[in-house]
Amino acid sequence: MEPSPQRSFAAPRDKVGMTMAKGALGALYKDKEVIVRQGEPGDCMYVVQAGQVEVLHGDSENTQRLAVISAGGFFGEMAIFESEVRSATVRALGDSRVLKVDKKTLLRRIREDPLLALNLLRTLSARLRDAAGDEDQTR
Amino acid sequence: MVLRNGSRSASATVDFLASPEPGQTDLTLQDGAKVAVVGGGPAGSFFAHFLLTLAREVELELSVDIWEPRSFARCGPGGCNHCGGIVSESLVQILATEGITLPSDVVQRGIESYVIHMDVGSVRIECPAGERRIAALYRGNGPRTGGESLWSSFDGFLQKMAVGDGARVVRSLVTGIDWRDGIPHLLEAGGAASAYELVCVAAGVNSNFSNLLEGQGFSLGRPKTMRTYICEFRSDPETIQRLLGDSMHVFLLDIPRLEFAALIPKGEFVTMCLLGEDVDQGLVNAFLTSSEVARCFPVDSTSCVCTCSPLINVRGPHRPYADRLVLVGDSGVTRLYKDGIGAALRTAKAAAETAVFQGISAEAFGRHYAPICRQIATDNLIGKFMFSVTRGFKHARFSRKAIERMSSLEQERSDSRRRLSSVLWNMFTGSAPYGEILNDTLHPAFLAGMTWNLARSAVSPHRETRSG
């Protein structure tokens with residue numbers, strides 16, 4: 001039997017070629033890079049670890065920015081609670097770092113600790129309030 | 001050290017798997033109540049954080065003292081909590097969802113893959129999500145001779161978070177508990193006593209505090225422990241990057257008494273963790289001189305700068321609570337071998353939720369806190385079985401070959417369902433409950449694939465060796 005050769009590891013780079021800091025978790029996205037695309041299926045949500053992302057809705061001719069989410073904020077949570085396609089496109093606003101949260105991991109924990117869902121409900125509630133405010137202004 | 005329990009009557013040992021013991025049912029935290037947390041590691045800080053956050057939600061004013069004599073800003077044993085220092089993939093995700101983002105200076109290295117080394121070859125298993133979701137870090141401020149630190153302590157980070165929520169850190173050693181009229185008083189070396197409505201014990205199994213509670217009428221039982229061996233090797237970051245990359249390296253070796261071994265790259269150090277029966281210098285040497293270790297990390301080119309042999313909890317106490325007393329983290333019930341910090345978060349939050357919403361009596365903890373402990377303990381029984389199966393696979397060369405063959409093929413094919421890779425990933429990272437892992441191994445496709453590879457390896461054991 002031949003022993004395996006000693007493996008050499010390259011410096012870590014993410015999929016777009018940027019070098020990540022050693023202690024950085026998640027994945028890096030460069031400015032304007034799409035993280036989730038409207039209409040595509042999804043099975044995870046995302047938490048912004050560093051930088052900002054923007055949430056866009058519409059088609060190729062008319063795109064509207066719905067929100068900007070900063071570090072600590074999350075998006076894509078609707079995929080956790082329903083099996084619909086992504087309702088909006090989210091892309092990096094400047095270089096940003098984002099962590100995926102698996103549907104299974106999150107639902108397992110929410111089942112054990114329903115209070116974890118409070119964080120999600122708070123954000124959803126704030127988004128509904130913002131959306132209602134925007135609608136009132138439009139009228 | 002002293003523990004007096006004058007106002008409580010001793011009762012027979014009650015397993016927390018049974019129904020809660022009837023006791024006072026009207027004990028609740030009122031406005032202005034004082035709560036003590038003994039131990040300022042992750043379990044203690046999580047408990048303080050969640051207790052204060054939840055209390056604020058219901059407009060309950062609490063005063064929380066975290067008793068922790070150590071400063072996690074110190075290098076070496078004085079500021080260390082003696083641990084391999086891995087935050088699991090699932091815990092990183094849960095922390096992020098809880099709004100707790102681990103800073104880059106706390107995480108020594110984001111781990112993106114595991115490399116499993118066996119005599120028959122090595123296989124690299126990538127993170128299923130394709131990103132770095134496991135954190136390698138230091139619980140304190142790094143090993144002895146760490147020099148000028150460029151990082152921050154994980155335990156220190158969590159403690160700062162709890163202080164930001166309003167907790168106060170008392171830098172003093174608790175030497176005992178005295179119960180006066182049913183109220184716990186924490187004692188200090190000078191004899192001073194502080195009264196609290198509730199005491200949360202998060203002192204782990206490497207302090208004497210849990211032993212204090214044993215045999216003092218609490219009928220809690222003592223956690224069963226196992227000794228581990230941790231060693232820090234120092235080298236230059238470029239060499240560590242070249243040799244180990246951003247992977248945790250685990251070893252499935254047929255060395256008697258060795259249950260589990262891992263090398264974890266962190267900045268300018270590599271942490272070696274050994275788990276086994278009566279780990280001694282002979283076992284350490286047998287591991288370090290094995291060809292599998294030599295081919296991925298030539299230890300003779302580095303220097304060992306810090307070692308310790310901490311205990312880990314392998315079975316919790318019978319009943320991790322009493323009136324006005326709750327045990328969380330390693331002092332209570334934790335996961336077998338893996339994801340102890342994840343178990344600390346789960347038990348600490350469940351205990352805090354019970355204290356704020358249900359009360360602080362043994363009955364309240366029995367009804368609302370014991371279920372999570374029971375869930376972890378039951379899953380540990382399955383884990384024990386899974387590790388015994390892994391041990392069986394380690395002993396036979398053809399079964400090691402089957403693992404290497406099946407997982408290598410899965411990693412080579414991007415279109416295949418990586419069933420064995422997923423099982424190995426979850427076993428070694430602690431990312432999923434053992435029950436789920438067992439369930440995955442019972443899938444007909446997994447069983448068929450494993451049977452086929454076992455048969456192939458038994459018939460042609462000398463097939464070409466793959467490397468990770």
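How many bridges join strand 13 of chain B to strand 21 of chain B, and do the two run parallel or antiparallel? Three bridges link strand 13 (residues 198-201) with strand 21 (residues 325-327), and the two strands run parallel. Strands here are DSSP runs of E with at least two residues, helices are runs of H or I with at least four, and both are numbered from the N terminus. Two strands count as paired if DSSP finds at least two bridges between them.

Before going further, some housekeeping. This is a predicted model, where local features need pLDDT of at least 70 and side-chain atom pairs count only at pLDDT 80 or more, while totals for chains, interfaces and linings use all residues. Residues are numbered from 1 along each chain as its sequence is written, and chains are lettered from A and ligands numbered from 1 in the order in which they are written.

Back to that strand pair. In strand 21 of chain B, B:V326 is the residue that B:C200 stands opposite. Both strands belong to an open sheet of six strands in chain B, ordered 9-3-2-13-21-20 with mixed pairing. At the edges you'll find strand 9 (168-170) and strand 20 (321-322) of chain B; each has a single partner strand, so one side of each is left without a neighbour in the sheet.

Now zoom out to chain B as a whole. It holds 14 helices and 21 strands, and 52% of its 468 residues are buried. Buried means that 20 or more other C-beta atoms lie within 10 Å of a residue's own; 12 or fewer makes it exposed, anything in between partly exposed, with C-beta atoms placed from the backbone. As for contacts (C-beta atoms, placed from the backbone, within 7 Å), 76% of those in chain B with a separation of 6 or more are between residues 24 or more positions apart.

Chain B splits into domain 1 (2-75 + 155-223 + 317-380), domain 2 (225-315) and domain 3 (393-459), with bounds that come from an automatic or database domain assignment. Five residues of domain 1 of chain B are in contact with four residues of domain 3 of chain B.

B:S45 is buried, as 32 other C-beta atoms lie within 10 Å. Beyond its neighbours within four places in sequence, B:S45 is in contact with B:G40, B:L158, B:Q159, B:M161 and B:A162.

Helix 10 (residues 370-395) of chain B has 26 residues and reaches 38 Å from first C-alpha to last, close to the 38 Å expected at 1.5 Å a residue; the expected span is 1.5 Å times one less than the number of residues. Its buried residues include B:I372, B:C373 and B:I376. The buried residues of helix 10 of chain B pack against helix 8 (340-357), helix 9 (362-368) and helix 13 (434-441) of chain B, and also against helix 2 (103-112) of chain A.

That brings us to chain A. It has three helices and six strands, in the order β-β-β-β-β-α-β-α-α along the sequence. Of its 139 residues, 27% are buried. Chain A averages a pLDDT of 82, and 81% of the residues score at least 70; pLDDT is the predictor's confidence in each residue, from 0 to 100. Over residues 1-18 of chain A the pLDDT is below 50, though this stretch has 37 contacts in the model beyond near neighbours in sequence. Where pLDDT is low, the predicted coordinates should not be read in detail.

How values were computed. Contact = placed C-beta atoms within 7 Å.
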